[in-house]
Amino acid sequence: MTVTDVAAYMLDVGQKARAASRALAASNSGQKNQALNRMADFLDEGREALMAENSKDLAAGREKGLSEALLDRLELTPERIDGMIEGLRQIAALPDPVGEVFDMSYRPSGIQVGRMRVPLGVVGIIYESRPNVTADAAALCLKSGNATVLRGGSEAYHSNQAIAACIKQGLEQAGLPGEAVQVIETTDREAVGAMITMPDHIDVIIPRGGKGLIERISKDARVPVIKHLDGICHVYVDDEADPQKAFDVCLNAKTQRYGTCNTMETLLVHDTIAGDFLPVMAKAYAEKGVELRGCDKTCAILGETCLPAKAEDWDTEYLAPILSIRVVDDMQQAMDHIEAHSSRHTESIITENITKARRFLQEVDSSSVMVNASTRFADGFEYGLGAEIGISTDKFHARGPVGLEGLTSVKFIVLGDGHIRA
């Protein structure tokens, strides 16, 4: 679609989203679930059209010289379409958080005061590459009662528009406004600038993509942003750790997947066990092709199998088979290192000492803090949220994996029977 006046177009999108958000706030769970299931039906019925549109994006991507990794993220295979369909049906089956009333109590005046969970309103999501995010984000926002404005990457334009058509059909068949989910129809970058400066029409922005994108959104937005810039996650192996647990967790946290934000990037090991523990881990990492970069003590223990770490290594999210290792004197020094270098995403301690575990949980200031568990568990599905729209390392409004509840707010409700204040 050619948009000659992006500002006017985005204003129209915002106004329609705001109107749709009011209709969604008045809808019930049955309508939302019907819409989600009908969206899944239309995706299933439209497989050939989806893959045909996706092939246009893949051809354009190859012509532009996109890497094989980016082309892989862009591709809609039959299995990935199955995943989108299953995701929609799973979200339809989740409990609806909207309208939940809790913390009701009588006050001395006789009134009852409590809180009710309500939608945020209009959620703007800016994302790159993967077209399946269009369906996932739309579903989570719809189930939580929010209208959403989606701006996908230009490289997935045809795929996103095809998915958007299925979403709109599902909404309208359930008696909900098709404008409850709008996928921006222009690839003009001015549309992003407009989205993040429309506080009258968009209540929150969620950027999903590279650090550069998120930094730009955070810097320029006039709308609140739910974000995390990077995932520099740590595992600290204490001197009272169970060796087998430590081995299993440290191997999994680094090598289960390399390109995720909850992958361990720095391993901290207590000095008194480092001589025995690190050679065992180094052998296992070598078998997986992981490059090690360590402090002076680490290099002294591991020799040529470990490169000297540079200062910037402690602040780098590798998203690759590279691991920084530091030997520390005690848990306090480990926590000091985390405080200085963590991105506030996920940290884990491996220890059998419950007192140390409790202290680590209390004093480490990250969105997820773990005991004897891999950082790879920092995920909405693994936490029982059903799905997530992203990870937040902020402290307001949501923190950690953002699921349905994170896409809602609360308001106070008061029940009286003609009560007046004395």
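So, strands S9 and S11: S9, residues 291–294, runs parallel to S11, with four bridges joining the two. Strands here are DSSP E runs of at least two residues, helices are H or I runs of at least four, both numbered from the N terminus, and two strands pair if DSSP finds at least two bridges between them. In that pairing, Glu291 sits opposite Ile322 of S11.

Quick caveat: this is a predicted model, where local features need pLDDT of at least 70, side-chain atom pairs count only at pLDDT 80 or more, and totals for chains, interfaces and linings use all residues. Numbering starts from 1 along each chain as its sequence is written, and side-chain values use heavy atoms, with hydrogens and water left out.

S11 also pairs with S8, residues 264–270, in the parallel sense over five bridges. There, His270 is opposite Val328 in S11. And S11 itself, residues 322–328, is mostly covered, with six of its seven residues buried, meaning under 20% relative accessible area with a 1.4 Å probe, protein chains only.

Okay, on to the helices. H2, residues 29–45, packs on H7, residues 157–173, at about 140 degrees, axes 7 Å apart; the axes are lines fitted to C-alpha atoms over the stretch in contact, and angles run from 0 to 180 degrees between N-to-C directions. So H2 is oblique to H7, as angles under 35 degrees count as roughly parallel, over 145 as roughly antiparallel, 65 to 115 as roughly perpendicular and the rest as oblique.

Who touches whom? With contact as heavy atoms within 4.5 Å, H2 brings residues including Arg38, Met39 and Phe42, and H7 residues including Ile163, Cys166 and Leu171.

Notes
Buried means under 20% relative accessible area, exposed over 50%, partly exposed in between (1.4 Å probe, protein chains only).
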